[in-house]
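Work through the two exercises below with the sequence and the coordinates open beside you.

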Amino acid sequence: MATTTPPKPVTNLDEATVRFCGDSGDGMQLAGTQFTNTSALLGNDVATFPDFPAEIRAPRGTRAGVSGFQIHFSSNEIFTPGDTVDALVAMNPAALATNLADLRQGGILLLNEDAFEKKGLEQAGYTTNPAEDGSLEGYKLHSVPMTKLTRLAVEDCGLSQKEADRCRNFFAMGLVFWLYGRSLEPTLRYIDSKFGKRPEVAQANTAALKAGYHYGETVEAISTQYHVAPAKLTPGTYRNIIGNQALAWGLLTAAHMSAKQLFLGAYPITPASDILHELAKHKNFNVLTFQAEDEIAAMTSTIGAAFAGSMSVTASSGPGIALKGEGLGLAVITELPMLVINVQRGGPSTGLPTKTEQSDLNQALFGRNGECPMPVLAARSPGDCFDIALEAWKLAVAYMTPVFVLTDGYIANGSEPWRIPALSEIPKIPITHPGPSANGDRFSPYQRDDKLSRPWAIPGTPGLEHRLGGLEKQDGSGNVSYDPNNHEHMCRLRAEKVANMANDIPLQELDGPESGDLLVVSWGGTYGACVTAVHAAQASGKKVSHCHLRYLNPFPRNLGEILKKFDRILIPELNLGQLGAVIRSSFLIDAVGLNKVQGKPFSVAEILSKINSLVA
Amino acid sequence: MSIETPLPVLKPSDFASDQDVRWCPGCGDYSILAQMKKMLPTLGLPRENLVFISGIGCSSRFPYYMNTYGMHSIHGRAPAVATGLKTCRPDLQVWVITGDGDGLSIGGNHLMHCIRRNMDLNIVLFNNRIYGLTKGQYSPTSPLGKKTKSSPMGAIDNPLHPLSIAIGCEATFVARSIDTNITHLGAVLKRAADHQGTAFVEVYQNCNVFNDGAWDYAKDRNTKAETTLELEHGKPLIFGKDRDKGIRLNGLDPEVVELGKGISEDDLLFHDERSPEPSLAYLLSRMRYEDGFPEPIGVFRSVDAPRYDEQINEQVNQSIKSKGRGDLEALFNSGDTWKVS
């Protein structure tokens, strides 16, 4: 390609945050994903935040239908998708109206000028055109006729106008790729693999992508290109990974490491369905995915599969977990190992299906009838979902108990670079089943080992025939028992068994000095914002430390000691204080909450400002 | 030279667990338990390969009394528990024991989906037309007007008919028997055990405490020849003490006719349990004593169809055949990767 345009000056940045937003049919998730993969391949650390409406296609052009994808990429290690946006691409007025507040002053604003016409402006609630009325003066505004330029670029491809307009997202991508000096190669490969069967579409998308790139290169109004150098990450081979994908792969790996067939019983629910989709793709890993008729069947089939001797898993989100409640009680009383994954979303009820929240901690800890303890673990980032699946399964089989794994919409849909582990680095998960017995003695399914764990005897084993069930059982023999003392014994035993896991899980780690003015205690997906905020506070000389909880039941056995050494405790949570209440009652300490339930993750600034308000 | 160890010959008593049976004296469940224990040794299956899964209710205590693997699960969910088990372990013979409340009310959804998937399970629904374990409320099969503690002015819910539901879901095996008709019951259970796919069996079962006599019309030795009709594949539908009555199709409706007087056996409806089309079986399930018909017992329908448990495992095999056995490192390294040194 011959061009006479002299190269534009390049400004070096440590990091940048870009957000693509437009109508939910505008292909913004695709644009964001491509930009993410490209940046990751270039060696940046990346963190992403896809944000989309619950409606598949809300009326076109309305605020309700706006879908966005934010990417934070950096030459340093990063933990969040970024508080504020450095470059915002808005494909229509509604997208501008709903996203402008997050663009930093002086940030780059790329608008699809063609969408800023009368109807679009009215739908977004504008009385005048913001692209022309001077209201966007504080930003580096570039109004680009993306629709027109895309149509021109693809006119030789033989597409209808409607199809041609669907290539707009590739034009926008091309422009942003140029802006940050990213290679088009990965996206061209994607186009090839995705649209290979429709060469005219592949050709058009390629043309639109390149047209956007060349537009950046040549148009005078955009005067600078930005460069974000690769990050210094731990050596190894990396790939980009999404939370739900990491979790599914973690499950596959756990099954492999324990030489088990994997069974997933699931009912489709946002934002957990991708776990089902991912595992359904990998049947050749000896995976059975059962799409059940409802959440209750998803749960109870999982219990049946656990009885059968498989690695058994169910995955859902809050409302689905609510339906599983009775089944969870059966899982606890039968003392069968299985994993229950809750990809949390905004509640109560249907709540905010596509938005993130941490408000199901109480449900995981307490949401069952009777004294019904379950271990609860929470993943902290997309890549961590892989590790937590392995860890949860290891605990489930060692202690013969269902284990809760909490993630949330934010980390389930978010992505980050993931250092690919060698299988040799991953420890095996040993499982033993009692073998056939020919001595004619009656088998006791509730005899216990030193962990108070009972044997996992599976059907088909001669001589170990036994009956499980939801009625209280005599310890040892497993016979139905209504004996008052046995019931209390069993309730205490089931609680003790879970509490004893504290002897097996790692001690709580602390980021920062062992004592000080303030300890920030976090769990789950808020890790990134908390660690970033605490590091900033530490850098400004504040005596602040951070401990991030992976184990929410039982707590690590040194947690109480850690908490006592700080003057104040701050617990930021995307709920109204659920961990806070447990910490206060478990350790009889005062703890301050920072609570938010807006369906959005914390920004670093929110946490930092709270820290600053508590510590001089 | 290989020596095959012959399977031990089992007796009915080998299938009895060491637990005391705690149904009310005189309950119809005893008879079903006895017939099950009598029939199982005839299958030639090792005891460890049998699993009984139940829900909640009087009938659902059944697994505790069987010396096999078993699970007394939660209300209505036995078909789903059994689905998870059988999906992972097609080698096991899995029985689901349920009742009219457990199977058709709280667990109606699972029953329907289990049947339409043709899971290879044997489901035995003990129908006593009452909630026994909760002491006598009306059930989904209680007749209209039934006065119980929860319906003092009479039930106003139109009853469900278990076999009509099962056939509506295109069950591949559907049968009915009666707790006191022990020879017939044993034979039906055996047919169910031999069937591949969902075998659904309704057993008329008497609750002598809360709904005594609900099935007297079908059990009374003086009336049962007139009120029931034993189905036999390929035979005309004939009943009556003197075998002088039959069922004839008048258009799409069955009617009771007397043999002789110009009506011969050839004019009658012939039973075809292997008809791929379930309409005839459905028609039989609609014949009710209260409407002047004898109620058919025996096998309504027995056809072959692909089974879910077999197919889901076959998909795994096919996937391994076409893609090769899953390789985790290859999966992790698929797509775009980069090296950091």
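A residue counts as buried if 20 or more other C-beta atoms lie within 10 Å of its own, with the C-beta atoms placed from the backbone. The model treated here is a predicted one.

**Exercise 1.** Describe the overall build of chain B, and state how its domains are divided and how they touch.

Solution. Begin with burial: of the 341 residues of chain B, 45% count as buried. Next take the extent, where the C-alpha atoms of chain B fill a box of roughly 95 × 55 × 45 Å along the principal axes. The secondary structure of chain B comprises eleven helices and twelve strands. Then turn to the division of chain B, in which domain 1 covers 12-235 + 272-316 and domain 2 covers 237-270. The centres of these two domains of chain B, taken over C-alpha atoms, are separated by 29 Å. Finally, eleven residues of domain 1 of chain B are in contact with seven residues of domain 2 of chain B, and the touching side of domain 1 divides into six nonpolar, two polar and three charged residues.

**Exercise 2.** Determine how helices α11(A) and α12(A) are oriented to each other, and which residues meet.

Solution. Helix α11 (residues 295-308) and helix α12 (residues 318-334), both of chain A, pack at an angle of about 20°, with their axes 8 Å apart. Angles under 35 degrees count as roughly parallel, and α11(A) and α12(A) are therefore roughly parallel to each other. The crossing of α11(A) past α12(A) is right-handed. Among the residues that meet are I296(A) and M299(A) from α11(A), and L323(A) and L328(A) from α12(A). The residues of this contact between α11(A) and α12(A) divide into seven nonpolar, four polar and two charged.

Terms used. Residues are numbered from 1 along each chain as its sequence is written. Chains are lettered from A and ligands numbered from 1 in the order in which they are written. This is a predicted model: local features need pLDDT of at least 70, side-chain atom pairs count only at pLDDT 80 or more; totals for chains, interfaces and linings use all residues. Axes are lines fitted to C-alpha atoms, for helices over the stretch in contact, and angles run from 0 to 180 degrees between N-to-C directions. Helices (H or I, at least four residues) and strands (E, at least two) are DSSP runs, numbered from the N terminus. Angles under 35 degrees count as roughly parallel, over 145 as roughly antiparallel, 65 to 115 as roughly perpendicular and the rest as oblique. A crossing is left-handed if the near helix is turned anticlockwise from the far one by less than a right angle, and right-handed if clockwise. Two residues are in contact if their C-beta atoms, placed from the backbone, lie within 7 Å. Ala, Val, Leu, Ile, Met, Phe, Trp, Tyr, Cys and Pro count as nonpolar, Asp, Glu, Lys and Arg as charged, and the others, Gly among them, as polar. Domain bounds come from an automatic or database domain assignment. A residue is buried if 20 or more other C-beta atoms lie within 10 Å of its own, exposed if 12 or fewer, and partly exposed in between; C-beta atoms are placed from the backbone.
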